[in-house]
Amino acid sequence: MLAGMVTYLCPQDGTRADTTTLTWCCPVCRGPWDLDYEPVGPLSLNSLTTRVNSLWRYEEALPLSSPATSLGEGRTPLVPLTGTVSAKLDFLMPTLSFKDRGAVMLAELARRLSPGRVVADSSGNAGTAVAAYCARAGLPCTVYVPEGTSPKKTEQIRAHGARLEIVPGGREATALAARTAADAPGTFYASHVFNPYFLHGTKTYVYEMWEELGGRLPDAIAVPVGNGTLLLGAALAITELHAQGLIDERPALIAVQAEAVSPLAAAFRAGADGLLDDPGTDGAATPTLAEGIAIPRPPRARQILAAVRESGGTFLTVTESRIREAQLDLAARGLYVETTGVACWAAVGDWVDRSVVVPLCGAGLKTGLAD
Ligand SMILES: [Zn+2]
């Protein structure tokens with residue numbers, strides 16, 4: 001059953017909808033939904049010892065419970081890289097990326113709504129995760145990806161039995177194609193950007209860190225940011241843990257973008273609340289090795305900028321050569337990570353004065369070694 005008292009809420013204009021709706025965005029402003037939802041909480045560290053060994057152990061904090069679609073996702077290791085920097089190995093997930101945290105929530109929600117089909121759009125990893133969890137849930141699934149997506153990712157999507165639609169043009173054209181398909185009756189849009197259940201899955205990344213560190217968080221949490229799904233999930237978790245008195249200090253959020261596609265970093269530096277006007281609206285024009293965060297117009301831009309500012313954090317950008325070096329450097333330390341997933345290590349590798357956790361978000365085999 002769905003948890004009680006959960007509704008969709010538009011953060012722009014306050015429009016509400018029941019979470020059984022297939023209307024995937026606010027009908028007034030066409031913006032993404034948030035969830036109006038209070039965690040059932042409070043969690044207690046001691047009570048966790050006997051829980052299921054997956055992200056579903058934080059049941060008081062999740063908007064769904066008793067999942068039929070779980071593949072045992074979550075509980076990834078935290079490994080020291082330097083005296084102050086630790087890596088959380090989220091590439092050790094069922095589909096080899098952190099997106100499983102959110103995809104399992106969307107597939108579980110979709111399973112309960114029994115739509116005619118599920119559609120998703122992705123630069124690769126979110127689509128792969130949705131395809132896998134839809135296979136687990138027995139739901140027909142179509143995934144839209146931009147042309148040029150890594151062949152290993154499209155192979156993985158097909159292997160899970162999803163229909164693959166390769167869209168010419170960049171990530172924006174792909175999103176548009178999926179949104180058009182999502183408007184067809186009986187369709188569940190498993191959007192990691194528009195559906196807030198995804199963010200309530202990615203927030204478990206921080207709950208796990210809190211548990212592993214014995215009820216505290218590092219000084220800073222670095223996250224790669226394209227559509228901001230991990231960053232906004234992390235911000236949710238920090239807010240919830242703080243509101244329940246489970247942490248005293250709120251960590252700074254260090255948002256990392258590839259210099260080649262860095263609309264959020266540019267807006268942050270300009271002191272803007274939202275994206276700056278930019279005629280170059282499609283990421284296809286500026287290729288980057290960090291394909292997973294090459295998002296020129298993220299729909300949740302305002303929320304991302306506000307979350308980073310409220311945390312006392314900042315934006316960092318990394319060059320293509322720095323990404324290449326970081327991938328080789330991590331591999332030399334025994335960790336083979338995809339090019340998007342090394343961005344945070346590339347940005348904070350020299351971090352010395354405060355503790356920071358970087359996510360290694362996707363497996364190296366998904367993209368291969370940058371040349
Ligand atoms: Zn709205």
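Predicted model: local features only at pLDDT ≥ 70, side-chain atom pairs only at ≥ 80, totals over all residues.
**Ground rules.** I number residues from 1 along each chain as its sequence is written, and side-chain values use heavy atoms, with hydrogens and water left out. Local features need pLDDT of at least 70 and side-chain atom pairs count only at pLDDT 80 or more, while totals for chains, interfaces and linings use all residues.

**Zinc site.** I looked up the protein donors of the zinc ion and found Cys10 (SG), Asp13 (OD), Asp13 (OD), Cys26 (SG) and Cys29 (SG), 2.2 to 2.7 Å from the ion. Donors here are N, O and S atoms within 2.8 Å of the metal (3.2 Å for Na, K and Ca); water is not among the atoms, so sites may look incomplete. Along the chain the donors are spaced as C-x2-D-x12-C-x2-C. Cys10 is buried at 3% relative accessible area, and Asp13 is partly exposed at 35%. I use buried for under 20% relative accessible area, exposed for over 50% and partly exposed for in between (1.4 Å probe, protein chains only).

**Sheet.** I traced an open sheet of three strands, in the order S2-S1-S3, with antiparallel pairing. Its edge strands are S2 (16-18) and S3 (34-36), each pairing on one side only. Strands are DSSP runs (E, at least two residues) and helices likewise (H or I, at least four), numbered from the N terminus. Two strands pair if DSSP finds at least two bridges between them. S1 (residues 7-9) is joined to S3 by three bridges, and Leu9 has Asp34 as its bridge partner in S3.

**Salt bridges.** I noted 19 salt bridges in the structure, each a side-chain nitrogen of Lys or Arg within 4 Å of a carboxyl oxygen of Asp or Glu. Arg75 and Glu211 form one of them, at 3.3 Å, N to O. Arg75 sits in the loop between S3 and strand S4 (78-80) and Glu211 in helix H6 (residues 204-212), so this pair ties together parts 136 residues apart in sequence. Arg101 and Glu208 form another, at 2.8 Å, N to O. Arg101 is in helix H1 (residues 100-113) and Glu208 in helix H6, so the pair ties together parts 107 residues apart in sequence. Both Arg101 and Glu208 are buried.

**Surface patch.** Last, I checked a nonpolar surface patch of about 410 Å², made by Leu328, Tyr336, Leu365 and Leu369. Patch residues have over 30% relative accessible area and no salt bridge; like charges are joined within 9 Å, nonpolar side chains (Val, Leu, Ile, Met, Phe, Trp, Tyr) within 5 Å. Accessible areas come from the Shrake-Rupley method with a 1.4 Å probe, and for residues only the protein chains shown count as cover. Tyr336 is partly exposed at 33%.
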